[in-house]
2 protein chains.
Amino acid sequence: MKKVTFSSGQTIFKAGDAADGLYIVGSGRIGVFFPSNSTHNEPDIVLEKTQILGEMGVIDTASRMATARAIEDCTLVFVSRSEFDKKLEDTDPVVRGVLAILSSRLRDVQRRR
Amino acid sequence: MKKVTFSSGQTIFKAGDAADGLYIVGSGRIGVFFPSNSTHNEPDIVLEKTQILGEMGVIDTASRMATARAIEDCTLVFVSRSEFDKKLEDTDPVVRGVLAILSSRLRDVQRRR
């Protein structure tokens, strides 16, 4: 886990980028822009302190599905896929099993779209 | 968590039943029948040892979405929603956060159907 900072307007990741982890918002606000958002004037989602972005980056190896941009100066904590896997090893097997089922079901849903 | 046994042919839960936990297969095989399966001759999914069924029963309070029936004598472990919540309390907050996001996204998908 490492602390990273972004200035207002800076891109955190772009749709299509390789994904290798997730971010937790420490301070500031992040705009998430879906590919269907052509102007990128208004974010589709705004994330704030304690919220997570890019979580599919620890679940599978698909590229980023949306673009994330700092809409204020912000501090994030980056958790790499391997760090997340380490946390999963220490997780109760029932919780881990449920997470695996939900992940696989979401992947199926996304594949069908 | 408690061990429960079902004889071949016995119903574990029916679509529409109130849901208050999940089951982990210990031995035997379970058939899952979706509401779209009108004859219930052939299960849509067969679950075996270590697989989980009824996992949405720990995620939300909606009723069972499918019917589960023992297709062999089987032993299951039942984990109630409150037992699962206790496990979640002991889970790393990043893992818990990802589970919460995936759950809420799956609920959205199901609501849109």
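Visitor: Which residues does Asn37(B) touch, not counting those up to four places away in sequence?

Guide: Asn37(B) touches Glu42(B), Pro43(B) and Asp44(B). Please keep in mind that this is a predicted model. Contact here means heavy atoms within 4.5 Å. As for its place in the chain, Asn37(B) lies in the loop between β4 (30-33) and β5 (45-47) of chain B.

Visitor: Why is Asn37(B) called buried?

Guide: Buried means under 20% relative accessible area. Asn37(B) has a relative accessibility of 11%, so Asn37(B) counts as buried.

Visitor: And what makes Gly9(A) count as partly exposed?

Guide: The class runs between the 20% limit for buried and the 50% limit for exposed. Gly9(A) has 46% relative accessibility, and therefore counts as partly exposed. Gly9(A) sits in the loop between β1 (2-6) and β2 (11-13) of chain A.

Visitor: What does Gly9(A) touch, leaving out residues up to four places away in sequence?

Guide: Gly9(A) touches Arg69(A) and Ala70(A). Take Arg69(A): 60 residues separate Gly9(A) and Arg69(A) along the chain, yet their C-alpha atoms are 6.2 Å apart.

Visitor: Why is Gly26(B) called partly exposed?

Guide: The same test gives the answer. Gly26(B) has a relative accessible area of 28%, which lies between 20% and 50%, so Gly26(B) is partly exposed. Gly26(B) belongs to strand β3 (residues 21-27) of chain B, and touches Lys49(B), Thr75(B) and Leu76(B), not counting residues up to four places away in sequence.

Visitor: What makes the pair Thr75(B) and Ser27(B) a polar contact?

Guide: For a polar contact, N or O atoms must lie within 3.5 Å, with one able to donate a hydrogen and the other to accept it. The side chains of Thr75(B) and Ser27(B) are joined at 2.9 Å, so the distance falls within the limit. Thr75(B) is in strand β8 (residues 74-80) of chain B. Leaving aside neighbours within four places in sequence, the contacts of Thr75(B) include Lys3(B), Val4(B), Ile24(B) and Gly26(B).

Visitor: How do you know that Asp92(B) and Lys87(A) form a salt bridge?

Guide: The rule asks for a side-chain nitrogen of Lys or Arg within 4 Å of a carboxyl oxygen of Asp or Glu. For Asp92(B) and Lys87(A) the N to O distance is 3.0 Å, so the pair meets the rule. Across the interface of chain A and chain B, 4 salt bridges are found.

Visitor: What confidence does the predictor give the complex?

Guide: The complex has an ipTM of 0.87 and a pTM of 0.84. For chain A, the mean pLDDT is 92, and 99% of its residues reach 70 or more.

Conventions:
Residues numbered from 1 in each chain as written. Chains lettered and ligands numbered in written order. Predicted model: local features only at pLDDT ≥ 70, side-chain atom pairs only at ≥ 80, totals over all residues. Heavy atoms only, no water. Helix = DSSP H or I, 4+ residues; strand = E, 2+ residues; numbered from the N terminus. Buried < 20%, exposed > 50% of the residue type's maximum accessible area, 1.4 Å probe, protein only. pLDDT = per-residue confidence, 0-100.
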